[in-house]
Amino acid sequence: MSHGTGGRRVVDVEGLARVEGEGSLHVELHDGTVTGVRLEIFEPPRYFEAMLVGRNFTEAPDITARICGICPVAYQMSACAAMEDACGVTVSEPIRRLRRLLYCGEWIQSHALHVYLLHAPDFLGCADAVELAGVDRGAVERGLRIKKTGNLVMETVGGRAVHPVNVRVGGFYSAPDPAAVAALVDPLRAARDDAVRTVEWVAGFDFPDVAAPYRFVALRGADRYPIEAGRVGSSDGLDLSPAEFADLVVEEHVERSTALHARLGGRDEYLTGPLARHALNADLLPAVAAGAARQAGLGDRCTNPFRSIVVRAVELVAACDEAVALAEAYVPPDPPAVPVAPRAATGTGATEAPRGLLFHQYDIDAAGTIRRARIVPPTSQNQLTIEADLRRVAQGAVDLGDDALRWRCEQAVRNHDPCISCAAHFLDITVVSS
Amino acid sequence: MTQPLRDGTATLPTVAVWKFASCDGCQLSLLDCEDELLPLAGAVRFAHFPEMSRASVDGPYDLSLVEGSITTPDDARRIRQIRERSRLLFTIGACATAGGIQGLRNFAAGGSYAGIVYAHPEYIASLDTSTAISDHVDVDFELHGCPIDRHQLLELITATLAGRRPAIPGYSVCQECKARGTVCLLVAHGTACLGPVTRAGCGGLCPSVGRGCFGCFGPADTANTVSLGRRLRADGAADLDVARLFRTFNAAAPAFAAASMAHGAAPANASAAPVPPVQDGGHAAEGS
């Protein structure tokens, strides 16, 4: 609700809709000036970092997958990368490619979900995708088709779409049948065409005019758009290994949130996610995605958070195109997993979840028992930037009526596809022991 | 559930979807019904489903689908208010039916993760337990799984709309492996597998990729965990490994909790008994 007396105006949204998890927002204005903003996370904490202590290192991918039903593969991949780093193991190229194919499936389903079901209804004045289907059923059906293809990739490679079962530290339990992977090519080509149409569709939306001075942080791919691996780069020149990056990130526990707020170097807010990935890796987009981006007038970097829907759609094209190539060239990894023997060590893994950089760090002992776990999800890292956006967007929209201002503020949060369930569950056990 | 959900009336039955402590994966399974979502939205009215819509209608509701477990005092109050406003209430997934992976806190040494891990535990209102919805209110149907199977969810909703009993089995994963033609990993290779004591529903997925079942769907109706535990030990698994196998997403389900303790895992906290109902109605439920 929005309410106010005299020069004071307050926007409160309890129970933000069309985001994953439970949060609320609060904006306060005095005489037309925004004086306070809060993104509150009241999702109950689940203490994953405490639960992992004492478990076997091989259990981390399946346990951490349960942090998020929308991006379980991101958790599985970052956990595997961290454990393999700790144990000094590198997987074979066929295993890496199969992981990337599985991860593309997750990007496709998650981005299609966000673009069509969670985000687009805002731009078209609809409460949800069901209402949108009443206006443009073809568009919603196109989105559901793309999403279904992403889930099909996850089912074929991972066994199921939510919490896949085929991933293990070192690779996979078994290599998917070549005929089943070959059967993905046609649906993926169709999804790529649908994704190109998606870019055209969303590029035509009306966007509020906002330019934010973001500090972007994302993986930088060596020779391909970053998904399952890369070094950590930033728009101000960072170039770090995942372990070096983990040392720089400081999380603080604040009263309004069951998520920890991340700062880089203990000082600056920063943004991860599609806008950051694109700004640091636009040169690595596959040709069909780069072409769609050009058609949409995207440029080398986008600093308007409302246009993140265009960037997400461009990444949808990229993920479909990558998945087509990986499925066409599929060679079953043999063996499907490399052996991983535990040793006493610390390992760090960083991958690009659909909504941004996700890193895991574990200490394990010689028997493979987890002694410390640290997991930093994208929404924890983005939380301060989302609040800064909320302030900027609200200030630029003070002339709107109460209902429109409220909706615009909700959009300012949804622009970043926050995963609040993810963010709420992270408690750095080292904070306590210090 | 012997009558159609809404019989002979012009308006669509109303469905509400609620979230407690969980990963969202089970309600996502509803949005994962890509071919059925729009037809379903024509057969019921989603009156409260925040993950999908910013529109919300006050109850009462014909059917509430509840995801997640109870881990805070506010949520213990909220679920009672939801029950009062729901003609039928179904729980979906391991969190709602058994406390979920966060149910591991029920066995935490010292009784509390919150006191151990938070820099400022005073900011947090969290219980020392994660409990199933049925520990707090009456539940009309429990759909198991971590995550639930979307075909089972559709069957449950379709059967409820038609007023018939849903065809959702209570037998074990073993039957699904036989139906699928998967060679038994336990018998053929001595692979540790919870299939004999785990409820069917996934289709026998893990054994089909050469992996032992790890119990996503929780205990089957007639689970003999004592016998299976003996077999796993005889096949060379250490007690710690057997205990870990029983202690994941359905750790607090009674049959699995007992089995993990029989293999040496820490017992449940004194505080892991169901939370007594709270009488105060001070916290308004979401959507009201």
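# Notebook: a two-chain predicted model

I started with a helix pair and saw that α10(A) passes α12(A) in a left-handed crossing. For the handedness I used this rule: left-handed if the near helix is turned anticlockwise from the far one by less than a right angle, right-handed if clockwise. My helices (H or I, at least four residues) and strands (E, at least two) are DSSP runs, numbered from the N terminus.

Housekeeping, before I go on. This is a predicted model, where local features need pLDDT of at least 70 and side-chain atom pairs count only at pLDDT 80 or more, while totals for chains, interfaces and linings use all residues. Residues are numbered from 1 along each chain as its sequence is written, and chains are lettered from A and ligands numbered from 1 in the order in which they are written.

**Entry 1: the helix pair in chain A**

Two packed helices are described by the angle between their axes and the distance between the axes. I looked up both: helix α10 (residues 274–281) of chain A and helix α12 (residues 308–328) of chain A pack at about 65 degrees, with axes 9 Å apart. The axes are lines fitted to C-alpha atoms, for helices over the stretch in contact, and angles run from 0 to 180 degrees between N-to-C directions.

Which residues of α10(A) and α12(A) meet? From α10(A) I noted A:Pro274, A:Leu275 and A:His278, and from α12(A) A:Ser308, A:Val311, A:Arg312 and A:Glu315. By class, this contact has 3 nonpolar, 2 polar and 2 charged residues. I count Ala, Val, Leu, Ile, Met, Phe, Trp, Tyr, Cys and Pro as nonpolar, Asp, Glu, Lys and Arg as charged, and the others, Gly among them, as polar. Contact here is C-beta atoms, placed from the backbone, within 7 Å.

I then checked how covered α10(A) is, and 8 of its 8 residues are buried. Buried takes 20 or more other C-beta atoms within 10 Å of a residue's own, exposed 12 or fewer, and partly exposed lies in between, with C-beta atoms placed from the backbone. The cover over the buried residues of α10(A) includes β7 (217–220), β8 (231–234), α12 and β12 (345–353) of chain A.

**Entry 2: the nonpolar core**

Of its 222 residues, A:Ile108, A:Val314, A:Ala323 and A:Leu390 touch the most other members. Helix α4 (residues 93–123) of chain A gives the most to this core, with 15 residues. Domain 1 (14–162) and domain 2 (173–264) of chain B both give residues to this core, so it lies between them.

I zoomed in on A:Ile108, leaving out residues up to four places away in sequence; among the residues that A:Ile108 touches are A:Ile146, A:Val153, A:Leu316 and A:Ala323.

**Entry 3: chain B and its domains**

Chain B has 12 helices and 5 strands, and buried residues make up 54% of its 288 residues. Of the contacts in chain B with a separation of 6 or more, 74% join residues 24 or more positions apart.

The domain bounds come from an automatic or database domain assignment. Over C-alpha atoms, I find 25 Å between the centres of domain 1 of chain B and domain 2 of chain B. Their contact takes 15 residues from domain 1 and 13 residues from domain 2. On the domain 1 side, helix α4 (residues 94–98) of chain B gives the most, with 3 residues. That side divides into 5 nonpolar, 9 polar and 1 charged.

**Entry 4: where the chains meet**

How many residues of chain B are in contact with chain A? I get 48, against 53 residues of chain A. The largest share of the chain B side, 5 residues, comes from α1(B). By class, the chain B side has 27 nonpolar, 10 polar and 11 charged residues.

Most residues other than glycine have a negative phi, and most peptide bonds are trans. So I listed the exceptions I came across.

- The bond from A:Asp334 to A:Pro335 is cis, with omega near 5 degrees, and A:Pro335 sits in the loop between α12 and β12 of chain A.
- The bond from B:Gly59 to B:Pro60 is cis, with omega near 5 degrees; B:Pro60 is in the loop between β2 (45–48) and β3 (61–67) of chain B.
- A:Tyr47 has a positive phi, near 60 degrees, and counts as buried because it has 26 C-beta neighbours inside 10 Å.
- B:Asp24 has a positive phi, near 80 degrees, and is buried, with 29 other C-beta atoms within 10 Å.

Technical notes. Two residues are in contact if their C-beta atoms, placed from the backbone, lie within 7 Å. A nonpolar core is a set of buried Ala, Val, Leu, Ile, Met, Phe, Trp, Tyr and Cys residues joined through C-beta atoms within 7 Å.
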